[in-house]
Amino acid sequence: MEINKKLIIGNSRLSNNIINQKVLSNYDLISLRDIITDIKANKKSYKTIFYVSQITRRYFNNPELLRLNKIITDYVLNLTSDSTQIIFISSIDVFGNKKIQLNSTLKRDAFDYYSQSKIETEIKLEEHVSKTLLLRLPGMYGSDLEEGSIISRMIKTLINSNLINLTSPKIIRSTISYSYTAKYIIQCFKELCMKPDGFYYGIV
């Protein structure tokens, strides 16, 4: 089996922001569509897998979401070896939709198919990959909420005035920009490379 250095799962806005940091080299990018439709057979294994994207409730929130994300996760696991490390972009929704202050000691608590899918993926990675980093992120909006564009300012105003709700309005959190998240992921990747095998968790 050919061993490649890095793999990015999902041709998403966040994936593109990670690539635009121009830090990664020698990487492959595979879209969710190609995985689900079984277009790209892949016999490589990877040192680092950035599991960035899954099907979200933006498309549907029913058992089909669980089925498709299981296909994607199984595909990812087939590309691992004993030396693979995975950075999985999860969601703070794994902690449920009760009014809580977030921290890594909270128990997982699914409240819909999307949060259940994230929890199932986290558990499966913990069971099969000896070095994983699970990053639980809030919703990301716009190309970059720090930009001064009209759309970005409008989104921030609506959120700050409680005129729109994020994924679970009871959870105490803030929004996060794509560019900040990409920089954070790259920094986490650099630190993860220096750590021993184990399970690591982060909340933004």
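Guide: Tyr-51 and Phe-88 are both buried, where buried means under 20% relative accessible area, exposed over 50%, and partly exposed in between (1.4 Å probe, protein chains only). Before we go on, please note that this is a predicted model, in which local features need pLDDT of at least 70 and side-chain atom pairs count only at pLDDT 80 or more, while totals for chains, interfaces and linings use all residues. Residues are numbered from 1 along each chain as its sequence is written, and side-chain values use heavy atoms, leaving out hydrogens and water.

A search of the whole structure turns up 3 aromatic pairs; rings of Phe, Tyr and Trp (its six-membered ring) pair if their centres lie within 6.5 Å, with planes under 30 degrees apart counted as stacked, over 60 as edge-to-face and the rest as tilted. One of the pairs is Phe-50 with Phe-189, tilted because the planes stand at 55 degrees, with ring centres 5.3 Å apart. Phe-50 sits in strand β3 and Phe-189 in helix α6 (residues 178-193), so this pair ties together parts 139 residues apart in sequence. Helices (H or I, at least four residues) and strands (E, at least two) are DSSP runs, numbered from the N terminus. Phe-50 counts as buried at 1% relative accessibility, and so does Phe-189 at 9%.

Back to Tyr-51 and Phe-88: their ring centres are 4.8 Å apart and their planes at 55 degrees, so this pair is tilted. Tyr-51 belongs to strand β3 and Phe-88 to strand β4, so the pair links parts 37 residues apart in sequence.

Tyr-51 also leads us to the largest nonpolar core, which has 22 residues; Tyr-51 is among the members that touch the most others, together with Leu-7, Ile-9, Ile-49, Ile-72, Ile-86 and Leu-125. Such a core is a set of buried Ala, Val, Leu, Ile, Met, Phe, Trp, Tyr and Cys residues joined through side-chain atoms within 4.5 Å. Two or more residues each come from β1 (2-9), α2 (32-36), β3 (44-51), α3 (63-77), β4 (85-91) and α4 (113-128). Helix α3 supplies the largest share, 6 residues. A second, separate core has 20 residues, including Ile-8, Leu-14, Ile-89 and Ile-176.

Let's finish on α3. Its buried residues include Leu-65, Leu-68, Ile-72 and Val-76. At the start of α3, a side-chain oxygen of Asn-62 comes to within 2.9 Å of the backbone nitrogen of Glu-64.

Definitions and conventions: A polar contact is a pair of N or O atoms within 3.5 Å; within protein, one must be able to donate a hydrogen and the other to accept it, and residues adjacent in sequence count only if both atoms are side-chain atoms.
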